[in-house]
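Q: Please take a close look at one part of this structure, its aromatic pairs, and then relate that part to the rest of the chain.

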Amino acid sequence: MTSRSVLISVAAASFGMIAVAMYLQHVMDLLPCPLCVIQRYLFIAIGLTALIGAFAQKPKLGAGLGLLAALGGIGVGAKHLYVLAHPGLSCGIDPMETFLNKIPTATFLPWVFQADGLCENATEGFFGLSIPQWAVVWFGIFALVSLWTLLRRRA
């Protein structure tokens, strides 16, 4: 398996995560919280860097930047899980939400990047894991695949 095909697969899977997020938001009526929106940005960053690495013939660069985005996603997901584990905390209407809702992507694409939900609403899930737990799992997979792509010897 070439680095290019691995990176294209990572890009497809990360954009698939955005498709799942759109389904949860627009079909299941689960509004994204600020931490969910940040995770969306990071999934998109992984997908874009993987595509850049695959098509610019720079797989190590794409994998390295994707690894950084995946590690950031693990951190944001861990924060989200921490908020869920401590019911007194919230990431509701706060300066982070205000900031996120005023940046250009949220202004031009509010149906993707507008943070209107509460972190506590992300407890619904599939196969025994909550939405943030699934996000951390996928960020972990992307981190491992990116690291493997960085460390492998052949292109």
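A: Phe-139 counts as buried because its relative accessibility is 0%, where buried means under 20% relative accessible area, exposed over 50%, and partly exposed in between, with a 1.4 Å probe and protein chains only. This is a predicted model, in which local features need pLDDT of at least 70 and side-chain atom pairs count only at pLDDT 80 or more, while totals for chains, interfaces and linings use all residues. Residues are numbered from 1 along each chain as its sequence is written, and side-chain values use heavy atoms, with hydrogens and water left out.

The ring centres of Phe-43 and Phe-139 are 4.1 Å apart and their planes lie at 10°, so the pair is stacked. Rings of Phe, Tyr and Trp (its six-membered ring) pair if their centres lie within 6.5 Å, and planes under 30 degrees apart count as stacked, over 60 as edge-to-face and the rest as tilted. Distant parts of the chain are linked by this pair, since Phe-43 is in helix H2 and Phe-139 in helix H7 (residues 131-151), 96 residues apart. Helices (H or I, at least four residues) and strands (E, at least two) are DSSP runs, numbered from the N terminus. Phe-43 and Phe-139 also belong to one aromatic cluster, together with Trp-138 and Phe-142.

In the whole structure, a search finds 4 aromatic pairs. One of them joins Tyr-41 and Phe-113, which are stacked with 4.5 Å centre to centre and 5° between the planes. This pair, too, links distant parts of the chain, with Tyr-41 in helix H2 (residues 34-55) and Phe-113 in helix H6 (residues 110-113), 72 residues apart. Tyr-41 counts as partly exposed because its relative accessibility is 21%, whereas Phe-113, at 6%, counts as buried.

Helix H2 also holds Leu-48, which counts as partly exposed at 43% relative accessibility. With Phe-15 and Ile-52, Leu-48 forms a nonpolar patch on the surface, and the accessible area of the three together is about 260 Å². Accessible areas come from the Shrake-Rupley method with a 1.4 Å probe, and for residues only the protein chains shown count as cover.

Gln-25 is found in helix H1 (residues 3-26) and counts as buried, at 8% relative accessibility. Apart from its neighbours within four places in sequence, Gln-25 is in contact (heavy atoms within 4.5 Å) with Leu-30, Pro-32, Arg-40, Trp-111 and Val-112.

As for the chain as a whole, there are 7 helices and 2 strands, which run α-α-α-α-α-α-β-β-α from the N terminus on. Of its 155 residues, 42% are buried. Among contacts with a separation of 6 or more, 80% are between residues 24 or more positions apart.

Methods. Patches are made of residues with over 30% relative accessible area and no salt bridge: like charges are joined within 9 Å, nonpolar side chains (Val, Leu, Ile, Met, Phe, Trp, Tyr) within 5 Å. A salt bridge is a side-chain nitrogen of Lys or Arg within 4 Å of a carboxyl oxygen of Asp or Glu.
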